[in-house]
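Here are my notes on the model, written up as numbered points. Have the coordinates open while you read, and start at the ligand.

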Amino acid sequence: MADSQLSVLFVCLGNICRSPTAEAVFATKAQQRNILISADSAGTMGYHTGSPPDKRAQEVALKRGYQMKHLRCRRVQDDDFVQFDYIVAMDNANMSDLQARCPADLQHKLHLFLSFAQSDYDEVPDPYYGGRKGFELVLDLIEDASEGMLDHIVQRDKE
Ligand code: 4NP
């Protein structure tokens, strides 16, 4: 949860594929770089509340060293807009849903995750109804954006 240290909330639709992957990857990379920052994730819908991440997401992530089995799905709540410093959407639909709910004076906290990435993709595509390749692509994009976002935070702290 958010406290005095910088905090990031990753948001997708279901909170069982993309955003828990982003939480795990980002937290791991921050730790590896000795950057003190807390990560959490949530979904705009509550279909899978209380469930662990999708098995396919867990398997693909674990192969690259990211453990996700301790994570549990939850829905975005109004207090998240107050508590977190960065609220990061996986795709444009997630971003629109967040913009519709977020108070006007907190809209500056909302970001599209791939705005921090080198990739030509604008959004992290929803892998839920696709095959394993989709989960590999999601992980590639999330690794790229996590590095970029950590670079951005380090740079911000220097200014
Ligand atoms: P996520 O993927 O938004 O990356 O967690 C989805 C998970 C579940 C569903 C849709 C997308 N669903 O429709 O149940």
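1. Which ligand atom does a polar side-chain atom of Asp126 lie 3.3 Å from? An oxygen atom of the ligand. I'm calling that a polar contact, meaning a pair of N or O atoms within 3.5 Å (within protein, one must be able to donate a hydrogen and the other to accept it, and residues adjacent in sequence count only if both atoms are side-chain atoms). Taken alone, the ligand exposes 350 Å², and the protein buries 94% of that (Shrake-Rupley areas with a 1.4 Å probe; for residues, only the protein chains shown count as cover).

2. Before going further, the ground rules. This is a predicted model, with local features needing pLDDT of at least 70 and side-chain atom pairs counting only at pLDDT 80 or more, while totals for chains, interfaces and linings use all residues. Residues are numbered from 1 along each chain as its sequence is written, and side-chain values use heavy atoms, leaving out hydrogens and water.

3. A backbone N or O atom of Cys17 is 2.9 Å from a ligand oxygen, and a polar backbone atom of Asn15 sits 3.2 Å from an oxygen of the ligand.

4. The residues around the ligand (a heavy atom within 4 Å of it) include the run Cys12, Leu13, Gly14, Asn15, Ile16, Cys17 and Arg18, along with Tyr47, His48, Asp126, Tyr128 and Tyr129. That shell splits into seven nonpolar, three polar and two charged residues. Here Ala, Val, Leu, Ile, Met, Phe, Trp, Tyr, Cys and Pro count as nonpolar, Asp, Glu, Lys and Arg as charged, and the others, Gly among them, as polar.

5. Asn15 has a positive phi of about 55° although it isn't a glycine. Most residues other than glycine have a negative phi. Asn15 is also buried, at 2% relative accessibility (buried is under 20%, exposed over 50%, partly exposed in between, with a 1.4 Å probe and protein chains only).

6. Asn34 is another non-glycine with a positive phi, about 60°. Asn34 belongs to the loop between α1 and β2 (38-43). Is Asn34 buried or exposed? Exposed, with a relative accessible area of 73%.

7. Last, Asp140 in helix α5 (residues 132-158). Asp140 is partly exposed, at 39% relative accessible area.

Note on methods:
Helix = DSSP H or I, 4+ residues; strand = E, 2+ residues; numbered from the N terminus.
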